[in-house]
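Take a look at the model below.

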Amino acid sequence: MNKTSIITIKGVSKSYDNGLIQALTDINLSLEKGKIYALMGPSGCGKSTLLNIIGTLDTIDSGSILYDNISLDKVGSLDKFRKYFLGFIFQFHHLISVLTLKENIELALFLDKTITLSQCEEKALALLKEMGLEHRMNSYVSEISGGERQRGAIARALANSPALLLADEPTGSVDSKNTKRILDILKEYVKLKQRTILIATHDPYVVAIADVCIMMEDGKIVSINEEKINNERLF
Amino acid sequence: MSKIVFLYAIRNLGRTRLRSFFTFFSVALIIMLYTILTSVGNSFTKQISTVLNEQNIDIVVQAKYAVTPVSSIIKDKTVKKLLKIDEIDRYDSILIGRKRIGTRKSTFILGVSNFKIFSQRLGLNIVRGKTLGNNDNEVLVGVKIAQLLNLNIGDKFKLNSDKDYVVVGLYSSWLNLLNSSILSNLIDVQKLLKRPNQISMIFLTLKDSRKTAKVLNEINVNFKNLRAIESQQLPNDLGPLKSVFYFSRIVSILTVVIAVFVLLNTFAMAINERTKEIGILFAIGWSRKIIIQIFLVEALMLSFAGGLLGFLFSFPVMYLIQKYFTNISIYLPNSLDISVLVNVFFMCLVIGILSAIFPALYGTKLEVAKALRDE
C-alpha cells in the first residue's frame, strides 16, 4: 500500500437481491492524497455503488476498506466519519428545498461542535463567496439556476473541508460554462488543501482534469490509467 | 440544539402548510374539548369539596340506596333518632328536588333548614331584594335562573298548580350550581315537592372531628336505611358528579389517543415523503439521533401550538356555554384552572413525542444509498 493512500479497497464485492445482481466484483483500489480520480464506465457498471460503498452509505458483502490504514469496520460512528472526512456531490444538487442556500451550508456546518454559531455563519458566507454565490445566499433552491444549485451543493460538500470528496456525475446536469466553473473549484480545492476527489463521470471535461482515470465494466475495474490525459484544449 | 434545526423544523411544517394547519387545528379542537371536560370534572368536584372542607362539615348522611341527592329520602323520625348520638355538635339538612318552571324542563329547588348558616357557608350574596323571611311561599332565585326566566323582585310564579310563589330576592354564589337554583325554607319546599317530613341530606359537625370514624361506623351499623360518609368523600359519592367526572376522564384519555393518531398520521406521511431528504442528511453526516430530533421538534411545535390555541379557545367557548346553556353551566368553572393548564402541557408533550417517535424511528431505519436513489 502506498504511504500517501487515503483509502485502500481490498477485494470488495457487492451484490443486490440475494446475489441476483452482482454490482461489484473483487475491487482493488488505492486513492492517494492530493489527486483527482475520474471513475468511468458505461451506465450500470457499478460506479455509483463503488462511490456509495467508499462513502459508507452502503455495505459490502466481502473484502475490506481502509481509511488512513484503519479498517472502516473499526470506525465506531460512521455518521461522524462522514461528517469529518467525507463530502458528497450528487448529480442533482440534493439541496434541501425549504432552506436558503446559506442555510443549506449551515446544515452541514452546525454539526461541528468546535465552531460557534457566528463562525458557522461566517464560514457559510465565505464558501458562498468562493462559489460566486454570495448574492444568492438568501435564495431558495427554486429561485436559482441549475448551475448555481450545483455550486451550492459543492459549497455544502466542502463545508467541513473533507479529506475525500465523492462526486457522482457532478457536471451531469449543468451546461459547459458551469461545468468549467465547477471543475475549476474542484481543482483549486485539491491543489490548495491536498485533498482527494473521486468523480464518477462520463464527461470528457472531468477526465481532462483528472490525475488518474479508472475504467469500470460489469462491476470490475478494467484499467487504471495514471497518465495525464491531454484534454486541456477542451477548455 | 442549533437555530438551524428549529428553522428547518419550522420550514418543514410550512412546506405542507395545509396539512400542518389541519393537524394543528385538530389538536387545538381536541385540547379544547379536553380542557372543557376536565374543567367540568375538576370544577364540580372542587365546588363541592370546598363547601364541605372549609365549612367544618365532618359527615354527610343520605339514604342508603339513593343514587343521587335528589332521589335520597330521609324521614324526620330517622333524623330525630340520629341526633341522639352524643358526638354530634350541630346538624343541617337540605331537601333537593327538581321542578318544571315555565319552558324550562327542570330546575333545582332547594329547601334549607337554617338559611342563615346555609347562606354563610355557601357565600350567598343577595344582589337584589332581601333574604328569606318568615312568610310562606317566599323564594330566593339564583341570578342565572332569574335571567333565564326573566324573574324580578316581587314577581309571582307558580311552582304548584294552586299556589303563587313570590320572588323576594336574587342571589349569587361562587357555587355555580346554586346560581341556577331556587331556594326556600325547608318546610315550604317539603310542601312544594309534596315530600312532607322528608329531607335529602344531613350535614353533621362533630364536637370532636377525631371521632369521625367512630360516628360513621355507628350510623352505618345502626341505621340500615342510611349511608354516612366522610365529607371529603362526597364528591366521589355523588352519582351525577361521578358520572361527569368519569365521563370527562374517559373522554380526556380518548382525546389524547385521537390527537396522537392525528399527528401520527401526519408524521408518517411526512417522513415517507422525505425519505430522500433523510438520505441526504445521513450523507452529510447527520446522525439518526439528530434526524429523529428534527421530527420531534416538528411534532412538539405542532402539538404545543395546537394545545395552546385549544386551551385559550376553551375559555370563550365556556363563556358562551355559560351564557346560553345554563343547565350545563353549573358544571363549568368561573375562572382559569391552572391544574388543567399543567395537564394540557403534559398532554401536548406526550402527544408530540408519541406521534413523532414511531414514524421517525421507522423512517430513519433506511438504506441510505437506496433512499438517495428514490424518486
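**From a strand pair to the interface**

In chain A, strand β7 (residues 164-168) pairs with strand β8 (residues 196-200). The pairing is parallel and runs over five bridges. Find Leu166(A): its bridge partner in β8(A) is Leu198(A). Keep in mind that this is a predicted model.

Now widen the view. Which strands make up the open sheet of chain A? There are six, in the order β6-β7-β8-β3-β9-β10 (chain A). Their pairing is mixed. At the edges lie β6 (86-89) and β10 (220-225) of chain A, and each of these pairs on one side only. Neighbouring strands of the sheet are turned against each other by 20 degrees on average, direction ignored.

A helix packs on this sheet. It is α5 (residues 146-158) of chain A, and it touches β6 and β7 of chain A. The direction of α5 makes about 170 degrees with that of β6(A).

Step back to the whole of chain A. Its secondary structure comes to seven helices and 10 strands. Of its 235 residues, 46% are buried. Take the contacts in chain A between residues at least 6 apart in sequence: 71% of them join residues at least 24 apart.

Last comes the meeting of the two chains. Here 19 residues of chain A are in contact with 18 residues of chain B. On the chain A side, α2 (78-85) and α3 (101-109) are the elements that give two or more residues. The largest share, four residues, comes from α3(A). What classes of residue does this side of chain A have? It has 10 nonpolar, two polar and seven charged residues.

Methods
Residues numbered from 1 in each chain as written. Chains lettered and ligands numbered in written order. Predicted model: local features only at pLDDT ≥ 70, side-chain atom pairs only at ≥ 80, totals over all residues. Contact = placed C-beta atoms within 7 Å. Nonpolar A, V, L, I, M, F, W, Y, C, P; charged D, E, K, R; others polar. Buried ≥ 20, exposed ≤ 12 C-beta atoms within 10 Å, placed from the backbone. Pairing = 2+ DSSP bridges. Axes fitted to C-alpha atoms, helices over the stretch in contact; angles between N-to-C directions.
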